[in-house]
Amino acid sequence: MNTPERSPQRALIIGGSLGGLFTGNLLRRAGWDVDIYERSPHSLDSRGGGIVLQPEVVEVFRRTGVDLQPLELGVQSRSRTVFRPDGSIQSKHVAPQTQTSWSLIYSTMRAAFGEEHYHQGQKLVGLSQTPDHRVTARFADGTQETADLLVGADGSSSTVRHLLWPTEEPSYAGYLAWRGLVPEDEMPAMAREALSGDFSFSSNVQSHILGYLVPGDGNDTRPGHRLYNWVWYRVADNAQLHEIMTDAGGRDRGFSIPEGKLASHWREHLYREADALLPAPLRAVVRATTQPFAQAIRDLAVDHMVDGRIILLGDAASIPRPHTAASTSKAASNALSLLAALQTFPDDPDLALSHWQPEQLALGRYLRDQGSRIGDHLLFQSSRPATAR
Ligand SMILES: Cc1cc2nc3c(=O)[nH]c(=O)nc-3n(C[C@H](O)[C@H](O)[C@H](O)COP(=O)(O)OP(=O)(O)OC[C@H]3O[C@@H](n4cnc5c(N)ncnc54)[C@H](O)[C@@H]3O)c2cc1C
């Protein structure tokens, strides 16, 4: 006797960034019909901000069928070098690592998912569920869609989380990350010589900076065509944060300010602070950055990721501080384990989700706690700068 074929189940994914694309690609491979809804009307772009390449992301690529052979996944660094503020080297040890860019992961996953079921300019505004396990999403343009599963991959200010668990909100950690990208061939020669090929760090009072090379435009990893990516953590109180996040046109940007939008007096402020606090090579790359951008560091680890057939993952569920280098790999882990649970219980998604949730909650809490420990130590406790002896 033949077993009757099950009709494919349908998933709606809210948010078309990395968490949404990881999940969308994996669920489709498992036989689900998947549609992704992204509020931005344009293709997302960050000009290649840096991300440490973690194995979970490579595993999603592999399971999605991405041909890894011709793909240069990032730029290798050889050593970890710590500079004192006076420019002398405090320590240097060999620690090979691959740094990739947000754009490389995004463009690879976006190409794998294709255009037909990726819907841009669709902002989720409402949700409902019925007792027979159907979820309906309502969008700002008045349309709605119904499916067997809805995935909230809509980031740190998640609408899905806000609709279901309005009290679960990120909290400001008391410092922000200034960031910048400099084309490798525009780096001052002294900085290029001192920094290229390494993962570099330097601490000072309420200040911690790191930098490394990432793929350049078009995911180019050839020497001379890459970008130098730096991230500089600085303590800022709520009032100062609000001023920084008020853009050149006077608009309040909340918790992140993109390239090109920073008010010019803050860029000048950054350059002056670089002169006062950073070792010469890192000072030079900050000063060579024409369009710095910034994001507030926030903490979140929710207590729930599942409500019926609605789930949260990625930054919507928990935000590990960047010191863990884990937010993208955590989104990948959430998606890989979701796939595993749904494949283990193919006829019972509710059972699959109840198995999936506890470990993901624990991972979110673990990374939140680890990131807070590292960040608080770097910014608030180890505030005496190391000096050359
Ligand atoms: C444009 C962009 C550039 C980034 N660049 C970097 C980088 O250079 N380095 C780095 O470490 N991290 C970067 N990140 C963050 C990184 O993607 C996340 O920290 C991590 O990968 C987890 O991703 P996520 O998909 O859960 O969340 P996010 O990447 O924050 O994505 C959430 C998505 O949901 C969409 N969304 C939000 N609300 C709604 C709604 N109501 N309806 C529909 N869609 C909605 C957002 O527009 C966004 O695309 C970037 C994120 C974005 C969106």
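How many of the eight residues of helix 8 are buried?

## Helix 8

Six of them are, and helix 8 (residues 280-287) is mostly covered. The buried set is Pro-281, Leu-282, Arg-283, Ala-284, Val-285 and Val-286. Buried means that 20 or more other C-beta atoms, placed from the backbone, lie within 10 Å of the residue's own.

## Model and conventions

This is a predicted model, in which local features need pLDDT of at least 70 and side-chain atom pairs count only at pLDDT 80 or more, while totals for chains, interfaces and linings use all residues. Residues are numbered from 1 along each chain as its sequence is written.

## The chain overall

The protein chain holds 10 helices and 19 strands. Both are DSSP runs numbered from the N terminus (helices: H or I, at least four residues; strands: E, at least two). Of the 389 residues, 44% count as buried.

Along the principal axes, the C-alpha atoms fill a box of roughly 80 × 45 × 35 Å.

Take contacts between residues at least 6 apart in sequence: 71% join residues at least 24 apart. A contact needs C-beta atoms, placed from the backbone, within 7 Å.

## Helix 2 against helix 9

Helix 2 (residues 55-64) packs on helix 9 (residues 327-344) at about 45°, with axes 8 Å apart. Helix 2 is therefore oblique to helix 9. Oblique covers angles left over once under 35 degrees is called roughly parallel, over 145 roughly antiparallel and 65 to 115 roughly perpendicular. Axes are lines fitted to C-alpha atoms, for helices over the stretch in contact, and angles run from 0 to 180 degrees between N-to-C directions.

From helix 2 come Glu-56, Val-57, Glu-59 and Val-60; they meet Thr-328, Ser-329, Ala-332, Ser-333, Ala-335 and Leu-336 of helix 9. The contact residues divide into five nonpolar, three polar and two charged. Here Ala, Val, Leu, Ile, Met, Phe, Trp, Tyr, Cys and Pro count as nonpolar, Asp, Glu, Lys and Arg as charged, and the others, Gly among them, as polar.

## Helix 9 against helix 10

The axes of helix 9 and helix 10 (residues 349-381) come within 8 Å and cross at roughly 155°. That makes helix 9 roughly antiparallel to helix 10.

Definitions and conventions
Two residues are in contact if their C-beta atoms, placed from the backbone, lie within 7 Å. A residue is buried if 20 or more other C-beta atoms lie within 10 Å of its own, exposed if 12 or fewer, and partly exposed in between; C-beta atoms are placed from the backbone.
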